[in-house]
Amino acid sequence: MSVRLDRLLANLGYGSRRDVQAMITGDDVVLDGAPVRKIDAKVEATPDLPERLFVEGQPVDPPPPLSLILHKPLGVVCSHREPGRSVYELFPRRWRARQPVLSSIGRLDGDTTGLLLVTDDGGLLHRIISPKNHVAKRYHATLARPIEGHEASLFAAGALMLDGEDKPLAPAHLEILSATTAWLTITEGRYHQVRRMFAAVGNHVEALHRDRIGGLDLPEDLEPGRYRLLSQADLAAVFTVPATT
């Protein structure tokens, strides 16, 4: 799709339309090896644009739709409104002005680490979080007290009620690793669900880490606070049911 270059760069957060036009007339925007000098120039917003378009000597940010896989570190939140440092501060500052805006696909609380997907594609976001698609999420939980042994069957039964709710949880899979550690795989995303599930059986989650969404694992080489583009293979894996679940 062909769009005006100044509008595209403004929507990517590089500045106002006037700011971007000044960059263009100042030879700071280079397309296919040549400076762009016409402020009404148009460009095809294709996925390979960062290989062809440079702004102030750097590859342009990917155009929409942009989807990312992030290793969320401890102590950052997934909301623009919550107090404290936000996951959006881990990205380039200009990304906060992107249109459409970036949003996390579901949330991890400040005390939970691990795999987080971020996108500006509303259709993809709703496809992943929709309960009818049953996209599983796996968490590694470290608990304050030993697991008693009945929790796995209780979680799998699909009858557990959380405090303050009137609908039972969907069946969840618990794999016990040790007396105080376990994998828990859920297909819903209720508020603080994993912590509340263990609280319902008299336990307390001391540490929580999500390592998988669908069949997509958190890459071992992706350090906390780092991110990368979500590839088509990654996206396909999200909607793949892993053999272990």
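This is a predicted model: local features need pLDDT of at least 70, side-chain atom pairs count only at pLDDT 80 or more; totals for chains, interfaces and linings use all residues.
Residues are numbered from 1 along each chain as its sequence is written, and side-chain values use heavy atoms, with hydrogens and water left out.

So where is Tyr 88? You'll find Tyr 88 in the loop between strand 7 and strand 8 (103-104). Strands are DSSP runs of E with at least two residues, helices are runs of H or I with at least four, and both are numbered from the N terminus. Tyr 88 is buried, with a relative accessible area of 8%; buried means under 20%, exposed over 50%, and partly exposed in between, using a 1.4 Å probe and protein chains only. A polar atom of the Tyr 88 side chain also lies 2.9 Å from the backbone nitrogen of Ser 104.

Now the cores. A nonpolar core is a set of buried Ala, Val, Leu, Ile, Met, Phe, Trp, Tyr and Cys residues joined through side-chain atoms within 4.5 Å. The largest one has 33 residues, and Phe 155, Leu 184, Met 197 and Phe 198 have the most contacts inside it. Among the elements that each supply at least two residues of this core are strand 9 (112-119), strand 10 (137-143), helix 6 (193-200) and strand 13 (205-213). Apart from that lies another core, of 19 residues, including Val 3 and Leu 12.

Keep an eye on strand 13. Two strands pair if DSSP finds at least two bridges between them. Strand 13 pairs with strand 9 in the parallel sense over three bridges, and Thr 113 stands opposite His 209 there. With strand 10, strand 13 pairs in the antiparallel sense over seven bridges; here Arg 138 stands opposite Arg 212. Then there's strand 14 (residues 216-217), joined to strand 13 by two bridges and running antiparallel. That hairpin has two residues between the strands, and Gly 214 takes a positive phi near 60 degrees.

Last stop: four strands form an open sheet in the order 3-2-5-6, with antiparallel pairing. Strand 3 (34-35) and strand 6 (58-59) are at the edges with a single partner strand each, so one side of each has no neighbour in the sheet.

Notes: A polar contact is a pair of N or O atoms within 3.5 Å; within protein, one must be able to donate a hydrogen and the other to accept it, and residues adjacent in sequence count only if both atoms are side-chain atoms.
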